[in-house]
Amino acid sequence: MCYMDYQEVIDKCQQLNEKYQIEEEKFYTVIDQLANTDLTTDQKLVASYQQLLQVVSNEIIVMEEMVDLQPTCQMGCAFCCYFPIVINEMEAKMMKAAMNQFPEERKHALQKHFDSYYKTYKEQLSELDTVEDVNDDFKYSYKKKMLPCVMLDTEENKCLAYEIRPMPCRTYVNYITPKVCEENVMPKETISYEFLYQEYMGALNEFLQYLYEEEDTGMVTYPDDLYREDLLINWMKGVQLR
Ligand code: SF4
């Protein structure tokens with residue numbers, strides 16, 4: 001297969017900077033529509049989380065089509081699933097609630113996976129601290145440990161919660177040879193669309209503010225949960241799917 005070279009990707013990103021304009025309405029329409037449904041507060045929250053993540057993924061596709069970029073990330077390649085994934089407590093609660101909505105069989109398999117994961121990696125996990133600052137040094141030393149994400153099926157190299165995978169997993173993309181991920185602890189050639197985080201979290205925050213004024217934020221403690229950040233691995237410790 002013939003891959004693009006890094007300079008071509010840089011040029012296309014430059015074109016994107018000139019062409020692409022984020023449409024905030026796409027994010028805020030999600031919460032406006034959910035606010036007016038008959039769902040319970042928790043159902044609205046989980047739906048907003050899932051739908052906003054989907055908006056993020058769709059936006060990345062829009063950008064890729066705009067400048068003809070094709071990701072070379074593929075099923076079975078999971079080098080990025082060894083990076084530290086940091087999310088806030090609200091997102092962790094949403095992920096757990098979304099997993100609780102999985103069909104029984106899938107939930108059972110996932111719980112079995114979690115139980116075995118925390119047993120297998122007990123020692124490595126005991127050395128992990130709460131995250132203070134996710135800078136490049138932290139990412140580098142974490143990735144070198146080769147501790148897989150708690151959601152990763154390491155036999156098939158696939159994410160066990162793919163449709164609800166959090167923001168960092170969606171916004172990190174490779175457009176050149178997959179070898180850069182295989183051969184480097186921290187490949188410099190990958191692209192991050194993390195600027196989309198602002199709209200995603202902005203919309204979630206606005207929704208929570210609205211619910212707070214209505215005096216029912218459901219499972220979320222607002223605003224505290226938005227400020228408490230930790231590794232996904234730590235958030236999922238002890239999880240019991242119902
Ligand atoms: S949540 Fe899924 S996609 Fe994200 S790092 Fe974990 S296994 Fe990989």
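Predicted model: local features only at pLDDT ≥ 70, side-chain atom pairs only at ≥ 80, totals over all residues.
**Group meeting: helix contacts, loops and a ligand shell**

Let me begin with Met75, which lies in the loop between α3 and β1 (86–88), where helices (H or I, at least four residues) and strands (E, at least two) are DSSP runs numbered from the N terminus. Residues are numbered from 1 along each chain as its sequence is written.

Is Met75 buried or exposed? Met75 counts as exposed because it has 10 C-beta neighbours inside 10 Å; with C-beta atoms placed from the backbone, a residue is buried if 20 or more others lie within 10 Å of its own, exposed if 12 or fewer, and partly exposed in between. The C-alpha atoms of Met75 and Asp42 are separated by 32 Å, the two residues being 33 residues apart along the chain.

Turning to the helices, the axes of α1 (residues 6–19) and α3 (residues 41–67) come within 10 Å and cross at roughly 110°, which makes α1 roughly perpendicular to α3. Axes here are lines fitted to C-alpha atoms, for helices over the stretch in contact, with angles running from 0 to 180 degrees between N-to-C directions; under 35 degrees counts as roughly parallel, over 145 as roughly antiparallel, 65 to 115 as roughly perpendicular and the rest as oblique. Lys12, Gln15, Leu16 and Lys19 in α1 meet Met63, Met66 and Val67 in α3, contact meaning that C-beta atoms, placed from the backbone, lie within 7 Å.

The axes of α3 and α10 (residues 197–213) also come within 10 Å, crossing at roughly 165°, and the two helices are therefore roughly antiparallel to each other. On the α3 side Thr41, Ser48, Leu52 and Val56 meet Tyr200, Ala203, Leu204, Phe207 and Leu211 of α10.

Met146 is found between α7 (136–144) and β2 (152–153), whereas Glu215 lies between α10 and α11. The loop between α10 and α11 (224–227) also holds Pro223, and the peptide bond from Tyr222 to Pro223 is cis, with omega near 5°.

Finally, which residues are around the ligand? They are Cys81, Ile85, Cys149, Met151, Leu152, Cys159, Ala161, Arg165 and Cys169, a residue being near a molecule or strand if its C-beta atom, placed from the backbone, lies within 6 Å of it.

Key. Contact = placed C-beta atoms within 7 Å.
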